[in-house]
Amino acid sequence: MSDPIRPSVSRRSVLAAGALGLVASAAAPTLVRAQAAAPDSAYRIDLHAHFLPPDYRAALLEHGHVTIGGYPTPDWSPEQALAFMDYYGIQAQALSVSDPGVSFLRGAEAIDMARYCNAYAAQLLRDHPTRFGAFAVLPMPDLAASIAEAIHALDELRLDGVVLLSAYDGVYLGDPRFEPLMAVLAQRGAYVFVHPAAIPADAKPELPLPDFLEEFTFDTTRAATLMMATGMTQRYPGIRFQLAHAGGTLPFLSLRVGVATQTVLGRLWPEDLPRPSVLDIQRQIGNFYYDTALSASAAAMASTLAVTGRDHIVFGSDWPFSALTLPQSGSTDPAPGLSSIFDAAQRREVERDNPLRQLPRLARAIDG
């Protein structure tokens with residue numbers, strides 16, 4: 001039986017993920033067991049957590065996606081997710097579909113798969129209203145179908161937001177082609193989780209490294225920069241954008257991005273809007289929300305705090321894709337590095353208060 005905390009991976013998946021010793025890690029003895037007692041106080045709210053409904057995972061494998069960003073495509077089930085949350089003191093997870101979303105499919109297949117994933121999530125919310133939230137996946141890059149699915153997921157299914165990849169077919173968020181979707185999301189004051197996408201093989205260096213190691217962080221930075229450079233973040237201030245993995249490299253590059261956007265990329269700015277200043281770009285960088293997934297370190301958090309307030313940092317585990325990186329000492333703290341920069345009260349703000357403030361439906365369910 002597979003371990004609920006460390007999802008099992010198929011032999012094909014393991015063989016496809018040999019880079020950086022993932023095979024050895026995947027085969028290592030499990031140190032965390034489902035039967036371990038849940039912590040007395042499960043207070044964390046996880047805004048970067050993934051799910052793979054059965055038909056979705058089967059479709060991924062059928063289309064050759066035995067790894068995601070170089071990480072073996074894991075098993076997932078509600079029971080595994082609940083066991084993980086109970087062990088690590090997580091009260092609720094806002095679930096989302098990771099890269100490649102449903103964009104590995106096309107036409108009716110993509111539309112149907114997005115609807116299936118969102119309906120599956122909505123049922124989870126009904127079955128476990130205080131344990132799960134969900135961000136809707138859209139059949140991008142089909143814009144018309146994505147608008148229809150966003151309206152259905154937000155207005156009818158009452159999901160907590162949407163997840164968008166940093167790019168679709170090489171077209172990054174911020175591109176004017178996505179304007180109609182952004183207008184619909186802005187009308188609803190939507191919470192949008194921006195997750196990185198794998199770089200096409202012909203558009204990146206040939207390195208023996210999985211995408212999740214570095215390329216994912218770079219792609220989030222590209223998307224956020226273009227969203228500011230084209231004025232998208234300024235035109236739609238009602239959309240709350242969460243950037244995965246502490247914004248990729250955006251906090252570290254904030255000065256460069258501000259100067260470049262003003263002096264070089266300003267030509268992309270719509271003529272009817274004033275040209276952005278360095279200070280304005282810094283303000284927009286500060287308006288993003290940044291999650292702690294795979295970034296719970298003093299270095300990453302200090303950089304993030306240099307560009308935004310603590311109220312714009314939210315907890316994320318990246319489970320089940322982070323299973324091999326969890327503390328292996330039997331600790332029930334999923335992100336011990338946060339304590340190197342936040343005290344207990346500040347950690348509670350980041351790990352609970354800030355996430356619940358952005359997901360009012362989940363907050364109401366938890367508060368009863």
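In the predicted model examined here, helix α3 (residues 54–62) has Tyr56, Arg57, Ala59 and Leu60 as its buried residues, where buried means under 20% relative accessible area, exposed over 50% and partly exposed in between, with a 1.4 Å probe and protein chains only. Because these residues cover an arc of only 160 degrees around the axis, they lie on the same side of α3, the arc being that of the directions from the helix axis to the C-beta atoms. Helices (H or I, at least four residues) and strands (E, at least two) are DSSP runs, numbered from the N terminus. An α-helix has 3.6 residues a turn, so residues three or four places apart point the same way. The buried residues of α3 pack against β2 (67–68) and α5, with contact meaning heavy atoms within 4.5 Å. Just after α3, Gly64 adopts a positive phi of about 90 degrees.

Residues are numbered from 1 along each chain as its sequence is written, and side-chain values use heavy atoms, with hydrogens and water left out. Since the model is predicted, local features need pLDDT of at least 70 and side-chain atom pairs count only at pLDDT 80 or more, whereas totals for chains, interfaces and linings use all residues.

The protein chain contains 15 helices and twelve strands, and buried residues account for 56% of its 368 residues. Of the contacts between residues at least 6 apart in sequence, 79% join residues at least 24 apart.

The largest nonpolar core comprises 104 residues, of which Leu164 and Leu185 touch the most other members; such a core is a set of buried Ala, Val, Leu, Ile, Met, Phe, Trp, Tyr and Cys residues joined through side-chain atoms within 4.5 Å. Helix α5 (residues 107–127) supplies the largest share of this core, eight residues. When residues up to four places away in sequence are not counted, Leu185 touches Ala150, Leu154, Val162, Leu164, Ala190, Val192 and Ile239.

Helix α5 also packs with helix α6 (residues 143–156), at an angle of about 15 degrees and with the axes 11 Å apart; axes are lines fitted to C-alpha atoms, for helices over the stretch in contact, and angles run from 0 to 180 degrees between N-to-C directions. This angle makes α5 roughly parallel to α6, given that angles under 35 degrees count as roughly parallel, over 145 as roughly antiparallel, 65 to 115 as roughly perpendicular and the rest as oblique. At this pairing, Ile111, Ala114, Arg115 and Asn118 in α5 meet Ala145, Glu149, His152 and Ala153 in α6. Glu149 counts as buried because its relative accessibility is 2%, and, residues up to four places away in sequence not being counted, Glu149 touches Ala114, Arg115, Asn118, Val137, Leu138 and Pro139.

In strand β7 (residues 167–168) lies Tyr168, which counts as buried at 6% relative accessibility. The C-alpha atoms of Tyr168 and Pro141 are separated by 6.0 Å, although the two residues are 27 residues apart along the chain. Leaving aside neighbours within four places in sequence, Tyr168 is in contact with Ser103, Met140, Pro141, Val163, Leu173 and Phe178.

Towards the end of the numbering, helix α15 (residues 360–367) has Arg361, Leu362, Ala363 and Ile366 buried. The elements covering these buried residues include β1 (44–50), β4 (90–96), α5, β5 (132–137) and α14 (344–358). Gly368 follows α15 and has a positive phi, near 80 degrees.
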